[in-house]
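Hello,

I am handing this structure over to you. Please look at it first, then read my notes below.

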Amino acid sequence: MPTDPAAPHHRRSIRLPGYDYAQAGAYFITLCTHNREHLFGEIVNGEMVLNDLGKIVHDEWNHTSIIRPTIELGEFVVMPNHFHAIMIINHPEPVGAYCHVYSNIGNRKCNHMGNTIN
């Protein structure tokens with residue numbers, strides 16, 4: 001069944017009911033661009049080629065554990081319209097707090113380059 005791109009996006013939460021996502025542990029996260037626009041680069045011959053915005057996403061993620069010593073970074077990948085990562089939290093704090101701060105930093109840098117990201 002085709003989906004209407006103008007319709008609101010509703011998806012089932014895959015969060016474990018009753019689980020405290022503020023506790024220490026390893027978390028798989030995905031951050032997507034607004035409207036899933038291809039903003040971070042493109043796939044060429046099966047390889048991801050980052051553009052300037054994609055390099056910001058990559059560099060800021062690597063910088064995350066330096067400015068937030070309570071987390072460790074696992075594997076991650078930047079794709080044309082999203083970002084996957086494994087984040088290991090060593091001190092209880094909600095996963096969303098880290099994602100929100102990371103997203104805001106990336107948005108400010110990208111917007112500074114003249115590219116509006118929501």
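Here is what was found, starting with how to read the values.

This is a predicted model, where local features need pLDDT of at least 70, side-chain atom pairs count only at pLDDT 80 or more, and totals for chains, interfaces and linings use all residues. Residues are numbered from 1 along each chain as its sequence is written, and side-chain values use heavy atoms, with hydrogens and water left out.

Start with helix α1, residues 52-67. Helices are DSSP runs of H or I with at least four residues, strands runs of E with at least two, numbered from the N terminus. At the start of α1, a side-chain oxygen of Asn51 comes to within 3.0 Å of the backbone nitrogen of Leu53. Buried residues in α1 include Leu53, Ile56 and Trp61. Buried means under 20% relative accessible area, exposed over 50%, partly exposed in between (1.4 Å probe, protein chains only).

Next, the rings. There are five aromatic pairs. Rings of Phe, Tyr and Trp (its six-membered ring) pair if their centres lie within 6.5 Å; planes under 30 degrees apart are stacked, over 60 edge-to-face, the rest tilted. Trp61 and Phe76 are a tilted pair, 6.5 Å centre to centre with 55° between the planes. Trp61 is in helix α1 and Phe76 in strand β4, so this pair ties together parts 15 residues apart in sequence. Phe76 also pairs with Phe83, again tilted, at 6.0 Å and 50°. Phe83 is buried at 1% relative accessibility. Phe76 is partly exposed at 23%.

Elsewhere, ring pairs link Tyr19, Tyr21 and Tyr27 into a cluster.

Best wishes

Conventions. The expected span of a helix is 1.5 Å times one less than its number of residues. A polar contact is a pair of N or O atoms within 3.5 Å; within protein, one must be able to donate a hydrogen and the other to accept it, and residues adjacent in sequence count only if both atoms are side-chain atoms.
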